[in-house]
Amino acid sequence: MSKPVIWTDRLTKTFGDVTAVKNLNLEVARGEVFGFLGPNGAGKSTTIRTLLDQIRPTSGRAEILGMGCHVDSLQIRRSIGYVPGDLALYPKLTGAQTLQYFARLRGGVDQRYVNELAERLGADLTRKVGDYSTGNRQKIGLIQAFMHRPDLLILDEPNAGLDPLVQQEFHTMVDEVRDDGRTVFLSSHTLSEVERVADRVGIIREGELVVVERVDELKRKAIRRIDFEFADAVPSDLFDGVPGVHTAEVDHRHAQVSFDGSVNSILKAAMTREVVNLNSRESDLEEVFLTYYRTDVDGSAAREKRASHV
């Protein structure tokens with residue numbers, strides 16, 4: 001079995017009294033798209049900056065492509081493509097000059113592929129970077145990350161400022177990288193983006209990794225909802241004690257039931273009455289994500305809920 005493309009062992013980074021990343025154990029496999037989820041301030045960018053040796057960990061270890069993130073940092077940078085969350089480019093250079101500069105740093109790239117990426121993303125390379133909108137600057141950042149066909153792409157909030165059509169093309173580019181057997185580490189708080197392209201996701205909360213799971217498996221464990229319409233009014237306790245039911249709101253002829261696990265016992269209870277209509281709603285990744293972030297006053301209920309889903 002090949003080594004993980006990204007591997008960390010109890011990776012920790014503190015800033016004074018603040019622990020930004022705590023005991024992070026993570027493995028990202030070759031050929032997968034891994035979504036790294038969390039709101040601003042959760043520790044996503046700090047993790048990436050530590051992996052790239054932009055800042056040093058307080059403790060723990062990390063490897064990229066089998067190389068130590070500190071001792072082999074120069075070789076690692078030759079083998080990856082990176083879009084930072086705070087992308088900064090030289091404002092007086094045109095888009096074309098910017099990409100030529102990055103190409104020279106890499107010892108040359110296939111200019112035909114650069115032109116292809118620019119066309120696909122709708123990037124105008126003739127204008128100065130300082131005149132670009134946020135979305136157009138982001139296009140240049142994406143081109144420089146993809147243009148040398150790296151073994152690993154590390155993308156921190158890559159969709160910033162992109163319009164929906166360009167986002168769709170970006171998703172296609174990510175799919176192509178995966179199909180080529182290469183790897184993408186995608187950090188984002190845009191949940192629909194990660195759900196669209198990722199094979200697995202890791203959710204980080206206050207510097208701690210609370211879950212790593214396949215997207216389809218994570219959604220399967222999520223709370224789902226089913227709405228019933230009955231021919232006649234039903235008792236309010238119709239779903240009391242039914243396995244898997246979290247809540248059941250019954251209003252005369254209508255009922256809304258939230259549940260996890262098998263739906264069989266819920267359908268069995270409902271079918272004791274005449275069902276006119278039903279509608280099942282599967283949770284999307286945003287609802288799953290919120291499950292791991294929802295807290296009450298002392299946080300205990302959220303911890304219990306997260307524990308039940310891991």
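## Close-up views of a predicted model

**View 1. Gln138 and the residues around it.** Setting aside neighbours within four places in sequence, Gln138 touches Val83, Leu87, Glu157, Pro158, Asn159, Ala160 and Leu162. This picture, like the others here, comes from a predicted model. Gln138 belongs to helix H5. Is Gln138 buried or exposed? Gln138 is buried, and its relative accessible area is 6%.

**View 2. The whole protein chain, for orientation.** The protein chain holds eleven helices and 14 strands. Along the principal axes, its C-alpha atoms fill a box of roughly 75 × 45 × 40 Å. Of the 310 residues in the protein chain, 46% are buried. Among contacts with a separation of 6 or more, 67% are between residues 24 or more positions apart.

**View 3. Helix H4 packs against helix H5.** Here we return to the helix that carries Gln138. Two packed helices are described by the angle between their axes and the distance between the axes. For helix H4 (residues 111–121) and helix H5 (residues 134–146), the angle is about 145° and the axes are 10 Å apart. The crossing of H4 past H5 is right-handed. Which residues of H4 and H5 meet? On the H4 side they are Tyr113, Val114, Leu117, Ala118 and Leu121, and on the H5 side they are Lys139, Leu142, Ile143 and Phe146.

**View 4. An open sheet of four strands.** Follow the strands across and you will read the order E12-E13-E11-E14, with antiparallel pairing. Strand E12 (245–251) and strand E14 (275–281) are the edge strands, each pairing on one side only. On average, and with direction ignored, neighbouring strands of this sheet are turned by 15° against each other.

**View 5. Strand E13 and its two partners.** Now look at how E13 is joined to the strands beside it. Six bridges connect E12 with strand E13 (residues 254–259), and the two run antiparallel. E11 and E13 are also antiparallel and are joined by six bridges. Which residue in E13 is the bridge partner of Val250? That partner is Ala255. Ala255 is the bridge partner of Phe228 as well. Elsewhere in E13, Phe259 is the bridge partner of Val245.

**View 6. The hairpin of E12 and E13.** Two residues lie between the strands of this hairpin. Look for His252, which takes a positive phi near 55°.

**View 7. A salt bridge from Arg253 to Glu229.** Side chains of opposite charge can pair when their charged atoms come close. In the salt bridge of Arg253 with Glu229, the closest N and O atoms are 3.1 Å apart. Where do these two residues lie? Arg253 is in the loop between E12 and E13, while Glu229 is in strand E11 (residues 224–230), so the pair links distant parts of the chain, 24 residues apart. Arg253 is partly exposed, with a relative accessible area of 32%. Glu229 also counts as partly exposed, at 24% relative accessibility.

**View 8. A salt bridge from Asp199 to Arg178.** The side chains of Asp199 and Arg178 meet in a salt bridge, with 3.1 Å from N to O. Asp199 lies in the loop between helix H7 (191–197) and strand E9 (200–205), and Arg178 lies in helix H6 (residues 164–179), so this pair ties together parts that are 21 residues apart in sequence. Both Asp199 and Arg178 are buried.

**View 9. A salt bridge from Arg10 to Asp9.** The side chains of Arg10 and Asp9 form a salt bridge, with 3.3 Å from N to O. Is Asp9 buried or exposed? Asp9 is buried, with a relative accessible area of 16%.

**View 10. A network of salt bridges.** Glu116, Arg120, Glu169 and Glu176 are linked in a network of salt bridges. How many salt bridges does a search of the whole structure find? The search finds 15.

Key:
Residues numbered from 1 in each chain as written. Predicted model: local features only at pLDDT ≥ 70, side-chain atom pairs only at ≥ 80, totals over all residues. Heavy atoms only, no water. Axes fitted to C-alpha atoms, helices over the stretch in contact; angles between N-to-C directions. Left-handed = near helix turned anticlockwise from the far one by under 90°. Contact = heavy atoms within 4.5 Å. Pairing = 2+ DSSP bridges. Salt bridge = Lys/Arg side-chain N within 4 Å of Asp/Glu carboxyl O. Buried < 20%, exposed > 50% of the residue type's maximum accessible area, 1.4 Å probe, protein only.
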